[in-house]
Amino acid sequence: MTKIIYVDASGCRREVQARDGTSVMQAAVSHGISGIVAECGGSAMCATCHVYVESGPVDRLPAPNAVEHEMLDSTAEPRQPNSRLSCQLVVRPELDGLVLRLPQRQT
Amino acid sequence: MIHFDVQGQEARAVDVDPFGDAYLANPYPYHEVLRHAGPVVYLPQWGCYATGRHAVVKAILQDPATFCSGAGVGLSNFRKEPPWRPPSLVLETDPPEHTKNRAIISRTLSPKVLRELKDRFAAQARELVDQLVARSSFDGVKDLGEAFPLKVFPDAVGLRSDGREHLIAYGNMVFNGMGPRNALYEQAMRNAEMVNAWVWAACQRENLSPDGLGAAIYTAVDDGQLTHEQGAMLVRSFLSAGIDTTANAIGLAAHCFAMHPEQWERLRSESSLVRQAFEEVLRYGSPFQTYFRTTTRDVSVGGIAIPAGEKVMVSVAAANRDPDFWPDPDRFDIGRSTAGHLAFGAGIHGCVGQMMARLEVEVLLTALAERVRRIELAGEPRLMPHNTLRGFQVLPLRLHT
């Protein structure tokens with residue numbers, strides 16, 4: 001289990017114990033975090049699991065692949081340099097303490 | 001969690017024919033047999049393995065290195081018998097080719113592109129609904145399910161407007177063609193040569209409007225990422241997969257709401273449920289029921305051994321009603337959580353057009369909900385016998401405003 005922290009648009013902070021090997025998106029959905037929609041279920045098709053990577057072990061995250069790059073151009077709230085699709089981030093022990101900020105809207 | 005291993009027990013042989021008349025008319029009792037008999041079973045009649053359990057289907061779809069698509073996603077193994085058409089560059093390929101080709105398509109179908117199409121699709125949905133409410137009854141298959149995607153999707157691709165009925169025939173070839181060479185296969189292929197020629201011509205750059213999704217694929221040809229022929233092949237993927245599946249989904253949705261008027265009322269009173277409602281239609285109805293993967297190595301799935309080079313049937317329809325995953329799976333309930341349904345597949349081959357399908361059905365259900373108080377059957381519906389898809393052949397409907 002790895003600790004991931006989600007901060008919603010109103011500043012409300014939720015700590016989740018996420019199962020290693022699942023995605024940061026799946027961890028959010030299975031813990032009922034409503035700021036992640038994830039309509040396509042993790043296929044990198046919908047850009048509705050957008051997160052901003054705020055702090056923690058951010059340098060441990062692999063760079064986005066070409067498809068994620070493209071898809072980040074379609075997010076409902078503007079893309080920033082720290083934008084990621086949470087379905088593409090795999091939970092691993094070295095991400096313990098990762099803090100993600102959720103956008104105001106996903107669609 | 002399902003674990004893959006090398007050693008395992010022999011699969012139990014099950015006397016179920018997923019392409020037989022009885023199964024196709026009512027697959028649900030057979031799904032239960034498949035799920036109950038083991039994580040993976042053997043179907044001696046077709047010499048293939050099969051699974052209907054949610055956890056197993058999902059695990060298989062998420063391991064494309066072990067369960068590949070390059071040998072075809074139907075019963076036939078392309079490495080043993082020649083396919084009826086040149087294999088798709090996305091559906092029937094594996095990484096790394098698949099990765100590049102899929103990225104080219106997914107870029108043309110991005111949420112940003114779809115947002116730009118939404119107003120036009122919504123206007124066309126309202127226009128169609130206005131026509132249908134004025135009629136005393138109509139066929140939910142031809143006049144609604146097929147009519148809407150046949151209008152909006154080929155328009156978006158930039159296809160010529162004549163001869164689009166060939167797209168229905170082509171989809172039928174593609175999806176019945178994943179089954180065995182039975183009567184349904186032969187029937188679907190009866191005009192294959194003519195339909196293939198029409199589709200191939202329609203995919204050529206000079207026959208596509210310069211501002212459509214088809215033309216956008218050809219920009220990858222200009223960039224040197226694809227040959228001209230590969231560009232046409234990717235446009236062909238739009239036409240293979242973009243009509244029949246959506247048409248059947250719309251028919252299934254109309255039928256669900258005709259049979260469950262209280263769910264229609266709920267949708268009308270909570271319009272924010274529209275997209276969620278479509279997910280439940282997909283889970284409950286699974287328009288694309290059955291397809292195959294091929295093992296690339298000896299593998300054991302949930303303790304059952306499958307040798308290398310074998311065909312494995314994944315029943316997403318059975319997985320979408322697996323009681324080990326879904327509470328009360330046979331109940332149609334637009335308020336339930338549908339996260340984890342496999343109607344669009346999962347993993348790298350998850351439907352690349354799924355956001356397009358969602359958009360089409362969202363605007364159509366919204367237009368219906370705005371005007372229609374009740375959707376009613378106006379006669380006996382008849383299911384379409386089909387090797388891999390579920391939908392109606394005839395669906396008489398009446399709309400009450």
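How many salt bridges does the rule find across the interface of chain B and chain A? The rule finds two, a salt bridge being a side-chain nitrogen of Lys or Arg within 4 Å of a carboxyl oxygen of Asp or Glu. In one of them, E39(A) pairs with R275(B), and their closest N and O atoms are 2.7 Å apart.

Before we go on, a word on what you are looking at. This is a predicted model, in which local features need pLDDT of at least 70 and side-chain atom pairs count only at pLDDT 80 or more, while totals for chains, interfaces and linings use all residues. Residues are numbered from 1 along each chain as its sequence is written, chains are lettered from A and ligands numbered from 1 in the order in which they are written, and side-chain values use heavy atoms, with hydrogens and water left out.

Let us stay with the interface. Here 20 residues of chain B are in contact (heavy atoms within 4.5 Å) with 15 residues of chain A. Together the two chains bury about 1,300 Å², with 51% of it on carbon and sulfur atoms; buried area is the accessible area (1.4 Å probe) that two parts lose on being put together, summed over both. In chain B, the residues that lose the most area to chain A are P111(B), R115(B) and M355(B), together 29% of what that side buries.

R115(B) leads us across to chain A, as T75(A) touches A47(A), H50(A) and R115(B), not counting residues up to four places away in sequence. You will find T75(A) in the loop between α2 (66-72) and β4 (83-85) of chain A; helices (H or I, at least four residues) and strands (E, at least two) are DSSP runs, numbered from the N terminus.

Is T75(A) buried or exposed? T75(A) is buried because its relative accessible area is 9%, and buried means under 20%, exposed over 50% and partly exposed in between (1.4 Å probe, protein chains only). Its side chain reaches the backbone oxygen of L72(A) at 3.4 Å, and a polar atom of that side chain lies 2.8 Å from the backbone oxygen of E77(A).

Finally, turn to helix α14 (residues 274-285) of chain B, where R283(B) is found. R283(B) counts as buried because its relative accessibility is 0%. Leaving aside neighbours within four places in sequence, the residues in contact with R283(B) include N320(B), W326(B) and H341(B).

Definitions and conventions. Polar contact = N/O pair within 3.5 Å; in protein donor to acceptor, adjacent residues only side chain to side chain.
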